Amino acid sequence: VVASPDGRLVASVCRDGGLVVWRAAGDGAAAIVDLEPTLDAATCCAFSPDGRSLLVGTRRGRTYLVVLE
């Protein structure tokens, strides 16, 4: 689990390799990003310094940039 630099978003890599990004404040009930697990499962993630994107690392050594705007 990792929080964005401004504390407004929280990202978590799920045990099954999926990835979810939540709003930290407010109702928090709806995920704003919900990536289903694939064969190239997510294993780690980190927010950019401005909090507008998320770098995701996978089991196969690949990285993906998820733009959150």
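The largest nonpolar core has 12 residues: Leu9, Ala11, Leu19, Val21, Val33, Ala42, Cys45, Phe47, Leu54, Val56, Val66 and Leu68. By nonpolar core I mean a set of buried Ala, Val, Leu, Ile, Met, Phe, Trp, Tyr and Cys residues joined through side-chain atoms within 4.5 Å. Buried is under 20% relative accessible area, exposed is over 50%, and partly exposed is in between, with a 1.4 Å probe and protein chains only. Strand 2 (9–13), strand 3 (19–23), strand 5 and strand 6 are the elements that give two or more residues to this core. Strand 5 gives the most, with 3 residues.

A word on the basis. This is a predicted model, in which local features need pLDDT of at least 70 and side-chain atom pairs count only at pLDDT 80 or more, while totals for chains, interfaces and linings use all residues. Residues are numbered from 1 along each chain as its sequence is written, and side-chain values use heavy atoms, with hydrogens and water left out.

Now the chain as a whole. Buried residues make up 35% of its 69 residues. The chain has 0 helices and 7 strands, so from the N terminus the order of elements is β-β-β-β-β-β-β. Helices (H or I, at least four residues) and strands (E, at least two) are DSSP runs, numbered from the N terminus.

Which strands make up the open sheet? The order is 5-6-7, 3 strands with antiparallel pairing. Two strands pair if DSSP finds at least two bridges between them. Strand 5 (42–47) and strand 7 (63–67) are the edges, each pairing on one side only. From one strand to the next the twist averages 25°; the axes are lines fitted to C-alpha atoms, and angles run from 0 to 180 degrees between N-to-C directions.

Look next at strands 5 and 6. They form a hairpin with 5 residues between them, and Gly51 in the turn has a positive phi of about 75°. Strand 5 runs antiparallel to strand 6 (residues 53–58), and 5 bridges join the two. Ala46 has Leu55 as its bridge partner in strand 6.

Together with Leu65 and Val67, Leu55 makes a nonpolar surface patch of about 300 Å². Patches consist of residues with over 30% relative accessible area and no salt bridge, with like charges joined within 9 Å and nonpolar side chains (Val, Leu, Ile, Met, Phe, Trp, Tyr) within 5 Å. Accessible areas come from the Shrake-Rupley method with a 1.4 Å probe, and for residues only the protein chains shown count as cover. Leu65 sits in strand 7 and counts as exposed because its relative accessibility is 58%.

How many salt bridges does the structure hold? There is 1, a salt bridge being a side-chain nitrogen of Lys or Arg within 4 Å of a carboxyl oxygen of Asp or Glu. Its partners are Arg8 and Asp6, at 3.0 Å, N to O. Arg8 is exposed, at 61% relative accessibility, whereas Asp6 is partly exposed, at 45%.

Val1 lies in the segment before strand 1 (2–3) and is exposed, at 87% relative accessibility.
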